[in-house]
Amino acid sequence: MTANESLRRVAARPARGEGGLRKRRGALVSAAAWTLPVAFILVPLLLFTVQSFFQVEGTDIVYRLTLKNYVRFFTDPTFYDTFGWSCLLALGVAVLTVLLGYPVAYLLASLGGRTKYVVAFIFVIPLLMSYIIKIYAIRSILGGNGFLNRILLQLGLIDEPWTFLVFNLNAVLLTLTVLLVPFAILPIFVALEKIPRNLLEASADLGASAWQTFRTIVLPLSLQGVVIGASCAFVLALGDFVTPQMVGGVSGFTFGRIIYSQFGTAFNWPFGAALSVILLLVVLLALVSAARFARPRFTA
Amino acid sequence: MIRLSWPGRVAIWLVAAFVLLLLYGPLCVAIFFSFFRFKSNQVQWDSFSLDAYAKLMENQGIIDALGNTLVVGASAVIASLVLGTLFALYYHNSRGRGREWLQVIIFMPFLMPPILTGLSLLIFFRQIDFDRSLVTVVIGHTVFVLALVYRNILARLQTLSATLIEASLDLGANRWQTFRFIVLPNLATAVLSAAILAFALSFDETLITLLVTGTKSTLPLRLWAMMRLGFTPDINALVTLILAGTTCLCLIAARYLTVPQAR
């Protein structure tokens, strides 16, 4: 206990007789603090978990517990196949964002002084710039009738417009990667920043080549940033339903879209809730393993 | 960082330039075509005009949507600032494991994919028979941005020296006075940057909004609806205006964000 802390404890010690009152006030404050988060975050999450065990008959939700929704998911290939594909797609997005994000983060970390924060800001700011606008712009670039094709046609590089870039899973992969790259850059940059520079000097002094230093020191120490970035990208890519709808066309039917359609056109909330629970489990798995991995094992 | 050989350095700059192109290219294309036309595979360089902007001003649907977005953003910012500050103070002044759990709950909507946050709220509102409207959108946005605001304010609170507060209490100020005259002024810039970030996030929020909104639409939803019809100059004009607004906000936020000291 530091002197400071003990002082504070003494100062905070209640006068005799006030103890009970103060304790009660403490409990009251705690209760007040918990009310809103529980009501608007925890309860809704529990509600949808409960809802996933109900089912729909006609247009009404029947409030009788059943496992039918889960059975349906695990027996109908439409659903588990799409789920598998979507997980692979999200993994692909995670890998691509890291592959693109790592060099950028490395470059940022090697810049000096204030410049690095300014440049980092330039790379991260698009996160705050309209998500829907970017999807739209990307679609207008990649489309069969889009900007890229028109330019290529004009230059005579191709004879027919490329159509493999839009309204399929490729397009979803590309678009999500563009949207989510900043999520990879930021944590990798932070991890690289934390590496003590004297480690690199020591390594060089001991005769390691630049590549050896990178392999054995920089990469392992920045891996937690990579894991955090990749899991962020994975989670967001898996849950997205607007991007696939905008650029995915008919073949780009992802898990997020299936869930969303249960609450719209298909109107089967309990089934949609069951699918969401499955999504939630995968997401929790990704986040928990990332948190495990990202716990610092080495401190400067 | 390690000094790279020149091919390494060139490669890394090329990747960075490519990423920059990916990030800003689409936005630039949209801005460009808010001023120029594209006809028979060629940019019409002489077609510069502001017609698209003028047309935008006549579009009542868009103006309404913009109004909704601003109202929602302002309400969500105020709610999340008040709550975020209270939660940060609570976390800072209490002990035990309880506060860690509370923190986990607050962070959940920010870490989960928005579709889960949106759906859980959608089901919740339906179960308690609360009609979907802009109010539910505000709740959704507040739940979403709260973690960010809370984190920002807590980080500043933790750098605040305890001696300042002790001095204030010693000099006879009560707890409220200490909060009002010592803690709050020290939090001001953190609160401001949190407010701007929260507003920017709320302004752009699409997925949660889509799920919890009633009949009224915010700007991103309106844009989404318009885009299904195709690529028109007035969308590009709107996009340009929004981007100009967001950029200004971000620059202001950057001014007040605390930059960690370089080693």
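**Two chains, question by question**

Q: How many helices and strands are there in chain B?
A: This is a predicted model, in which local features need pLDDT of at least 70, side-chain atom pairs count only at pLDDT 80 or more, and totals for chains, interfaces and linings use all residues. Residues are numbered from 1 along each chain as its sequence is written, while chains are lettered from A and ligands numbered from 1 in the order in which they are written. Helices (H or I, at least four residues) and strands (E, at least two) are DSSP runs, numbered from the N terminus. For chain B they come to 11 helices and two strands.

Q: What is the radius of gyration of chain B?
A: The radius of gyration is taken over C-alpha atoms, and the globule rule is 2.2 Å times the number of residues to the power 0.38. That rule gives 18 Å for the 263 residues of chain B, and the value for the chain is well over this, so chain B is more spread out than a compact globule. Along the principal axes, its C-alpha atoms fill a box of roughly 75 × 65 × 30 Å. The radius of gyration of chain B is 23 Å.

Q: Which residues does Ser47(B) touch, not counting residues up to four places away in sequence?
A: Ser47(B) lies in the loop between β2 (42-44) and α2 (51-58) of chain B, and with 13 other C-beta atoms within 10 Å this residue is partly exposed. Two residues are in contact if their C-beta atoms, placed from the backbone, lie within 7 Å. Leaving out residues up to four places away in sequence, Ser47(B) touches Phe36(B) and Arg37(B).

Q: What is the radius of gyration of chain A?
A: Chain A has 13 helices and two strands, and its C-alpha atoms fill a box of roughly 85 × 70 × 30 Å, taken along the principal axes. A compact globule of 300 residues would have a value near 19 Å. Chain A instead has a radius of gyration of 26 Å.

Q: How many nonpolar, polar and charged residues does the side of chain A that touches chain B have?
A: Ala, Val, Leu, Ile, Met, Phe, Trp, Tyr, Cys and Pro count as nonpolar, Asp, Glu, Lys and Arg as charged, and the others, Gly among them, as polar. The contact takes 72 residues from chain A and 64 residues from chain B. Helix α2 (residues 19-51) of chain A gives the most to the side of chain A that touches chain B, with 15 residues. By class, that side has 56 nonpolar, 12 polar and four charged residues.

Q: How are α5(A) and α8(A) oriented to each other?
A: Axes are lines fitted to C-alpha atoms, for helices over the stretch in contact, and angles run from 0 to 180 degrees between N-to-C directions. Helix α5 (residues 115-124) of chain A and α8(A) pack at an angle of about 155°, with their axes 9 Å apart. Angles under 35 degrees count as roughly parallel, over 145 as roughly antiparallel, 65 to 115 as roughly perpendicular and the rest as oblique. The two helices, α5(A) and α8(A), are therefore roughly antiparallel.

Q: How are α6(A) and α8(A) oriented to each other?
A: The axes of helix α6 (residues 131-142) of chain A and helix α8 (residues 169-194) of chain A come within 10 Å and cross at roughly 135°. On the α6(A) side the contact is made by Tyr131(A), Lys134(A), Ile135(A), Ile138(A) and Leu142(A), and on the α8(A) side by Ala171(A), Thr175(A), Val178(A) and Leu179(A). Given their angle, α6(A) and α8(A) are therefore oblique.

Q: Is Ile132(A) buried or exposed?
A: Ile132(A) has its place in helix α6 of chain A. Not counting residues up to four places away in sequence, Ile132(A) touches Val242(A), Thr206(B), Pro220(B), Leu223(B) and Trp224(B). With 23 C-beta neighbours inside 10 Å, Ile132(A) counts as buried.

Notes:
Buried ≥ 20, exposed ≤ 12 C-beta atoms within 10 Å, placed from the backbone.
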